[in-house]
Structure formats: structure tokens, C-alpha cells
Amino acid sequence: MREVALLLACLVLAILVLELDATLRNVFDLAKAALSHGAAWVLAAVVVLIAAKEGLAIPRSPLFVATYALVAVEVLTTATATSQYVALYGEVGRYLGLTTHLVLALVAVALAVGLEYPRRASWLGWALAIASVAAGAYAVVQAMGADPIHWVDLDAKSRPFSTFGNPDFYGQYLSAAFIAAAAVAVFSRIGWLRAAAAALAAASAGLLILSATRGAVIGAVAGVVVLGVLWLRRAGATRGTLARIGLAGLAFVAALGVVVLTTPLGDRILALTDVASVQDRVGIYTAATRIFLDHPILGVGFENFAVAYPRYADAAGVHGNQTQTSSHNWLLHLAATSGIAGLAATAALFVAFGLHTWRRARDEDATPLLAAAGAMAAFYTGGLVLPGAQAIQWVPWACIGVALASDVRTAPALVRLPPIRLPALAQIAVVVVAALLATPQAQVLDANHLAKTAESALRAETAQQSVDAARAAVAADAGRAVYWNDLGRALELVNDQDGARRAYREATARSPYTPAFWWNLGRMETAFARDGDTRAKTAAYDAFAKAVAASPNNPDTYDQLARSQVALGDYDLAVASEERAIALYPADTRYYTVGADAARLAGNIARSLDVLRAGVAATNSNELRLVLAQRLIDGKSDLEARAVLNAVLQRDPTNATALQLMKQIGGS
């Protein structure tokens, strides 16, 4: 049974590395989450049967207690979360809620039980090595431009991402794989195994360079430093050891220098010196810090970063319907979502893990533990500038599992319960129940398939197909707000406005922190108000007020409100709304166009022209110049119009619209 548990744990990890489904709307993370969760139910049943057969012993070493504390904090911050649904299941595109973390904790327990450290440690090593080779082969195919899957919004050739969905995720994984393989090559005493590990380490390093992930380089450097310290601890501070460590360090620095000077990865590393290129990260980090300062004890709730981010982000961070599901820094992410409690629990685990590794470093069988320690260091150091994902978030839990397996042999028991003799039928029933509990994962995948169909069919000629698929998606998985929003968009196409309004209400009820859902509801209420619904105008403005509350610095909310105000005849209010949008984000030309039109409809031609002039000055946009020129011509201000058109033609001498307008006013 222990072997079965270990094999199932390895299967879960292989799924998280390799699984993808191009027929899904969320190709990578949802596929990995759903299948790994399904397999985890069976793994849980096996762990229960092991406990029944052998008796239950709960260890109480510092490492075990720290692990319990971390899981307890995750449960607590789920209970106190702003959105408990997101805390449980994670945000769309990430799916790293409590359910996933409990699966990963279960994998760690299964490794602690199944490895019988170090007896079966090689099973885990080989499973991960095979998965790494398979993922690497696919990455090479992508780099060669031979990927059989056509990715619409991803460039797999310039920066291969393999089965991870993002080159940054793949790079972070490769840094951990490189360090783990290097640790085996350095510390193992089996010649052929050292050679194989060295080959895997070299391959991982080469693929890391291909992925061009800057954070992965940081992780690799930290991992090398940790291996050097562990090497010194294991071998002793002799002159020969120091010399070998020094030579190895110099070789690594030299190799890193070659990479920086000769590869695209080096160009990306050097680009960090450009302040503008990292400004977006600074904005995200600032928002995460503000979230933590407002919720210092327990944070806003486990995995609730996407819930809180719109309220704290600046205009540049949310303009264009942008959002963030991660702070791109695990430390800030943890602080924002779990507060001091999460930081303290994680720090305690790091200390316990480090002390345990330090004490056991000289053991004859310490190689798997040392590899786990190096991989853990690489993962978390690289994670200081990278987001998490299904494909890589298992890495620290697998490392913890290896450490627990090496600790369980000597850890005293906090609780010890005797074995329970279960009849064969009862054992079968446990497995069957677990399998039945796994079946809803198929429904989750089916809903996502349907959502992709609805999105693909969202056009006039296939509108009914989109409606049918969207209805089926919300029936299969009613908890996801985005599916309800999709249904609303599809119903609009078939002119079922009342149904669309109800769907948007469902979306906002499930995700009140997403401004775009409030925009859609406000727009629908506006349509009903124009058709004579006396309460709809108030409902429309209330929807936009809630959008503002959800994301106070979002300029698009004010733009959407202005468009509704124009539709409802509140022209002066529309100008004021667009002025607010412009103040938040002056670089979007649409705000000036709508504001100018609203002022013109209000009869204030001078104000309309001033808005357009301000837009030209702020954006240097030829598009706005052409609008301004047309309005000037309409107002018989040909002299200024000619100057504006000359400015257009200086930048674009063949601009057909400018030439036509110039001809209209007799210019040349």
C-alpha cells in the first residue's frame, strides 16, 4: 500500500508537470488542477487504508509541527477570506485555492509515508526526471518551430514554455530541476547516477537559457550557493573542499557571464536596468504592500489577491481591463493574502526545514534531502520576481515531503492510534467512494470546454450556438462568474436583453470585485432605461458606482459611465466622467473623443474643442488631430484646422483622411 501511495503521488506530480488540453478555455492550469484533484481522491483513500492497516501516528518534530501550522493558517485564512469561493478554488487561470494546496499537502504526506526514506527515494527521482525529459523534448520541438499546436497568443518558438503555459513558469521549474540534478551529481556516490544527474542538470540549464526567464537565473544562483554551503557542511571546511568549491563557483560565474553576454536571456537580464521596463512590477508590488498594510494579521484571505488588487492598483495597473492574480513575488503575495500569520508560519517552516537539513547533511543517505533543499532554495528565490502556477507550485511541497520522509524515522509521535481491521469490502468501498468523489472534476472540465465553445461562437451568425454552450457551462459549473458573463454577452447577440441582464447580475453577485462585470450590467440597465424602464436608470448608475467601489482608480469605469450618461442624455455628467478618466490615465485617446462628443451634444462647442486639444497635447495622436480638424472645419475655423492637418501630414504624409480634409478647406 505504501508503494501504491508513492506511485499515486508521483502520478499527481506528473500530471501537474505534463498535462494540458488544447480544447479547454484554460488549457494548462485547469487541466492540471482538475486531473490532479481527481487522482488525489484515490490517493487520499490509499492513505486512509494505510492508516487503518498500520495504525495512525502523528509526528511532532519541529518540521512536522511547522507543516501542520502552515496548513492550519491556510485553512484559517480561507475561513476569513473576502471571497471564500476564490479562497477554496482559486481564481480563474490560476486555480491555486485551498483545495489545490490540500492536494499538495496530501502529496507531501504520501511521500513521507511512501518513500520509506531513503529506500524508494529513487522512485520519485526517476518519475520527475522522466517528466522533465518529456517536457524538455516538447520545449525543443517548440524552439524548432514544429509545435503541432497553434498558439494564438503565445510565441513558443522565441521563448518555449513546454507544458507549463508560460516561459516564466517553465524557467522557474528548470532552475529547481537544475539544482536538484546538480545536487545528485555532487553528493551521490553512485558513478552512473552522478553522470545521469549531471546530464539532466546540463539539459535543464540549456533549456533555462532557451526560456529566457530572468527570475530563474536568480533561483539558480541561490541554489548553487545553497549547494556550496551544504557541500561545505557535508565534507568539512578542509583546504581541499574549499578549493573545489571555489573552482566550482568560478566555473559557474564564468558560465553565467557567457550567458549574459551572448544570449537573449542576457539581454533580458540587462533590460532590468531600464526603470520603465520594470515599472509595471513596481505598481503590483506597491498594491500588494498596501493590501498587507490594511490587512496585516490574516491578509485579505487565502489566494484572494485578485479580489483585493483592483481596489489598490493604480490606473496603469487596471487600465484596459487588466488585473493580477498574483503579486509576482511570493513574499508579498503571502503577506497580502495571509498576513503576519502566513509569514510567520512560512518562516517557521523554512527554519525547521533548514535546521533539519543542516543536521542530516552528513548522513550517508542525505542526497535526496540535499537535492530537495537546493530545489526549495531555487524555487523560492526565483519566486521573488515570478508568479505561481499549477505547473510549479507543487515543487516546495514535494521538497517538504522528502524532508518529512527523512524525519519521520526518528520523530516522536504526538498521537498514536492502533490499527483498525477493515474487511475487504470496506476497503473496496473506501476506494469506490473516493473515485465517486473525483467524478465532479470531469464536470468542471466539461464546463470549461463549453465556455470555450461559447466564446468561439460569440458572433452574430453563430449566436444561438454560443447561447446554448454558455447555458450548459453555467449549468455544469455555476460558481464561475466568467461563465455567467459569457452567457450575458451571448444573450445580447440573440436580443434577449432581459436574460442578459439576469446573467450579468449573476456574474456580479459571484465576482463583485471585477469592474468589467459591473460595466456590462450598467450598460444593460442603460438600455432598459432608454426603453422606458423608470427604475433602470438608477440601477445603471448604481452598477457603475459599485464598479468604482471595486476599483477606484480604474479609468475605464469612468469611460463606461460616460458612455451610459451620453446614452441617457446626461451630457455634462458624461464630460465630467471622462475628465475623471483622463485625470487617471491621460494616454487613452478614446476618453477625449467621448468627452468631446458629450460636450458637443451639450451644446458647448468651445469645451468640446478644448477637450480635443488637450488630448492632442497629451497623446500626440494623429487620430485625435483628425477628429479635432473635422470639428474645427465644422465650426468654420479653417485656419486652425489647416495647422492641425499639417501636423498630421508631417508625421504621415500619405494620410488619406488628412489629405481629403485639407483639400476640402482649400489647403495644400
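How do the residues of the lining of the largest cavity divide into nonpolar, polar and charged? The points below come to this after the basis of the model has been set out.

1. Basis. This is a predicted model, in which local features need pLDDT of at least 70 and side-chain atom pairs count only at pLDDT 80 or more, while totals for chains, interfaces and linings use all residues. Residues are numbered from 1 along each chain as its sequence is written, and side-chain values use heavy atoms, with hydrogens and water left out.

2. On a 1 Å grid over the protein atoms alone, a cavity is a set of points where a 1.4 Å probe fits but cannot get out, a pocket is an open set with protein on both sides within 12 Å along at least five of seven lines, and lining residues have an atom within 4 Å of a point. Grid points are joined across faces, edges and corners, and a volume is the space filled by probe spheres set on the points. By this rule there is one cavity of 30 Å³ or more, and the largest cavity holds about 460 Å³ of space. It is lined by 29 residues, of which His101, Trp330, Leu334, Tyr380 and Gln393 are the closest to its centre. The elements that give two or more residues to this lining are α3 (62–79), α15, α16 and α17, helices being DSSP runs of H or I with at least four residues, numbered from the N terminus; α15 gives the most, with eight residues. In answer to the opening question, the lining of the largest cavity divides into 14 nonpolar, 12 polar and three charged residues, where Ala, Val, Leu, Ile, Met, Phe, Trp, Tyr, Cys and Pro count as nonpolar, Asp, Glu, Lys and Arg as charged, and the others, Gly among them, as polar.

3. The second largest pocket. About 1000 Å³ of space lies in this pocket, and of its 38 lining residues the closest to the centre are Ala121, Gly125, Val184, Pro368 and Ala371. Two or more residues of the lining come from each of α6 (121–143), α7, α8 (191–211), α16 (367–382) and α17 (394–407), and α6 gives the most, with 10 residues. By class, the lining of the second largest pocket has 30 nonpolar, five polar and three charged residues.

4. Nonpolar cores. A nonpolar core is a set of buried Ala, Val, Leu, Ile, Met, Phe, Trp, Tyr and Cys residues joined through side-chain atoms within 4.5 Å, and buried means under 20% relative accessible area, computed with a 1.4 Å probe on protein chains only. The largest core has 96 residues, and those with the most contacts inside it are Leu43, Leu111, Phe164, Tyr173, Phe353, Trp394 and Trp397. Helix α7 (residues 167–187) gives the most to this core, with 14 residues. A second, separate core of 34 residues includes Val467, Ala469, Ala473 and Ala481.

5. Glutamine 172. This residue lies in helix α7 and is buried, with a relative accessible area of 2%. Not counting residues up to four places away in sequence, glutamine 172 is in contact (heavy atoms within 4.5 Å) with Thr213, Ala216, Phe379, Gly382, Gly383, Leu386, Pro387 and Ile392.

6. Helix α26. The 14 residues of α26 (residues 571–584) should span 20 Å at 1.5 Å a residue, and the end C-alpha atoms are 20 Å apart, which agrees; the expected span is 1.5 Å times one less than the number of residues. Its buried residues are Ala574, Val575, Ser577, Glu578, Ala581, Ile582 and Leu584, and these pack against α14 (315–318), α25 (555–567), α27 (589–601) and α28 (605–619). Serine 577, with a relative accessible area of 7%, is in contact with Tyr558, Leu561, Ala562 and Gln565 when its neighbours within four places in sequence are left aside.

7. Backbone geometry to check. Most residues other than glycine have a negative phi, and most peptide bonds are trans. Here, a cis peptide bond with omega of about 0° joins tyrosine 117 and proline 118, and proline 118 lies in the loop between α5 (98–114) and α6. Serine 162, in the loop between α6 and α7, has a positive phi near 55° and counts as buried at 0% relative accessibility. Histidine 328, in the loop between α14 and α15 (330–360), has a positive phi of about 60° and counts as buried at 14% relative accessibility.

Technical notes
Buried < 20%, exposed > 50% of the residue type's maximum accessible area, 1.4 Å probe, protein only.
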